[in-house]
Amino acid sequence: MKTLVAVAAALCASAGVARADDTFEARAADARAIRHVEDLAWPLVAPCDRGDDTEQRQCRHVRDARAKELVGQTVLVDAEPEAFTAGAWNPQRKSVTLVLQACVRCAGVDIDGHTIYVVGTQPGGAATHFEGGRARPVVLSDTARPFSDEAAATAWLHGVRRVKVQLLLKVTDKAAWTAQGRSGLAFEVTGYRVISPCDGQIVLAKPASSPVPPDDRACKAEPQASDVPADGSPVDALSESMVHDAMQPVVDAADDCHDRYGVAGKARLAITIADDGTVVKSEQTGDFVDSPTGACIDKAMRKVVFPRSKKPRTTIVYPIVER
């Protein structure tokens with residue numbers, strides 16, 4: 001009996017060590033780093049239909065050889081930064097919502113004249129659909145980060161205004177898909193992490209990840225909302241804090257309507273801003289479209305004015321999450 005107990009204890013201990021060693025770095029150690037997503041997509045979808053017969057045969061030979069090298073591997077790619085969104089400070093819940101979508105290239109990449117949308121999936125995840133010309137894949141993480149007060153949240157948000165999103169993807173020969181008349185590739189996500197390059201902190205990760213060395217180039221100071229000139233002269237570009245400051249009435253309106261109607265969900269606002277700070281276009285997608293809460297958001301948006309800037313047009317995507 002003592003021997004069996006000892007063996008069981010040893011097995012449990014070894015299992016515990018295995019789990020402790022299951023980190024993002026450990027999984028990435030054997031992964032193939034892909035610098036350009038086009039290099040991942042081309043071997044799997046290239047039509048090789050350009051040029052004469054000889055050129056097409058040569059293209060297919062190179063394509064198939066590269067595909068054979070990739071299939072079965074795990075690759076490490078930098079996803080688009082827009083895959084990660086951080087909501088505004090929510091005073092009722094004293095938190096900031098953090099959402100990570102499996103967007104490798106949700107706006108698509110060009111492969112021999114064809115737009116190919118590259119996304120990640122999870123086992124049992126929902127199929128990819130499209131909103132506003134972008135692929136909307138599965139959500140990898142949807143969580144809230146608590147803060148003691150708005151000042152702490154604002155300071156943290158400023159620190160993560162620029163992020164680096166890394167995904168570990170499993171490559172198979174079944175990655176190609178079509179949906180709503182569009183074509184793309186979908187890879188199972190086996191790990192992810194969101195890094196704040198300035199200080200190297202890990203914003204989100206699965207499995208856990210240690211901080212990375214900071215990148216001083218990412219720490220370039222950005223104008224704050226308080227830096228808007230008092231005389232109304234234009235700033236060089238709208239900063240994140242300027243955007244959050246201008247959008248706060250919209251967030252407040254969404255909070256009020258959520259409290260009134262009790263419907264949870266997410267909204268994404270694609271906003272185009274003129275140099276004089278007026279909103280040229282605002283398009284809402286997500287859960288609140290054609291709902292009372294969506295109407296509250298649209299009504300508040302009609303009153304929003306941003307600081308003037310020297311850029312003729314500024315386009316942003318702003319998330320609003322209600323739980």
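**Close-up views of a predicted model**

The model is predicted: local features need pLDDT of at least 70, side-chain atom pairs count only at pLDDT 80 or more, and totals for chains, interfaces and linings use all residues. Residues are numbered from 1 along each chain as its sequence is written, and side-chain values use heavy atoms, with hydrogens and water left out.

**View A. The aromatic pair of F147 and W156.** The structure contains one aromatic pair. Its ring centres, those of F147 and W156, lie 5.6 Å apart with the planes at 50°, so the pair is tilted. Rings of Phe, Tyr and Trp (its six-membered ring) pair if their centres lie within 6.5 Å; planes under 30 degrees apart are stacked, those over 60 are edge-to-face and the rest are tilted.

**View B. Packing of helix α6 on helix α7.** Helix α6 spans residues 240-261 and helix α7 residues 292-301; the two pack at an angle of about 160° with their axes 9 Å apart. Axes are lines fitted to C-alpha atoms, for helices over the stretch in contact, and angles run from 0 to 180 degrees between N-to-C directions. The helices α6 and α7 are therefore roughly antiparallel (over 145 degrees; under 35 is roughly parallel, 65 to 115 roughly perpendicular and the rest oblique). On α6 the contact (heavy atoms within 4.5 Å) is made by M247, P249, V250, A253, A254, C257, H258 and Y261, and on α7 by P292, T293, C296, I297, A300 and M301. Twelve of these residues are nonpolar, two are polar and none is charged. Here Ala, Val, Leu, Ile, Met, Phe, Trp, Tyr, Cys and Pro are nonpolar, Asp, Glu, Lys and Arg are charged, and the others, Gly among them, are polar.

**View C. Surroundings of H258.** H258 lies in helix α6. Its relative accessibility is 8%, so H258 counts as buried. Not counting residues up to four places away in sequence, H258 touches R93, V263, A264, T293, E322 and R323.

View D. R308 sits in the loop between α7 and β16 (313-322). With a relative accessible area of 43%, R308 is partly exposed. Its C-alpha atom is separated by 4.7 Å from that of G277, which is 31 residues apart along the chain. Leaving aside neighbours within four places in sequence, R308 contacts G232, S233, P234, V235, D275, D276 and G277.

View E. The peptide bond from K206 to P207 is cis, with omega near -5°, and P207 is in the loop between β13 (201-206) and α6. K94, a residue other than glycine, has a positive phi near 50°. K94 is in the loop between β3 (84-86) and β4 (95-101) and, at 44% relative accessibility, counts as partly exposed. Q180, also other than glycine, has a positive phi near 50°; Q180 is in the loop between β11 (176-179) and β12 (182-196).

**View F. The whole chain.** The chain has seven helices and 16 strands; helices (H or I, at least four residues) and strands (E, at least two) are DSSP runs numbered from the N terminus. Of its 323 residues, 43% are buried. Among contacts between residues at least 6 apart in sequence, 67% join residues at least 24 apart.

Notes:
Buried means under 20% relative accessible area, exposed over 50%, partly exposed in between (1.4 Å probe, protein chains only).
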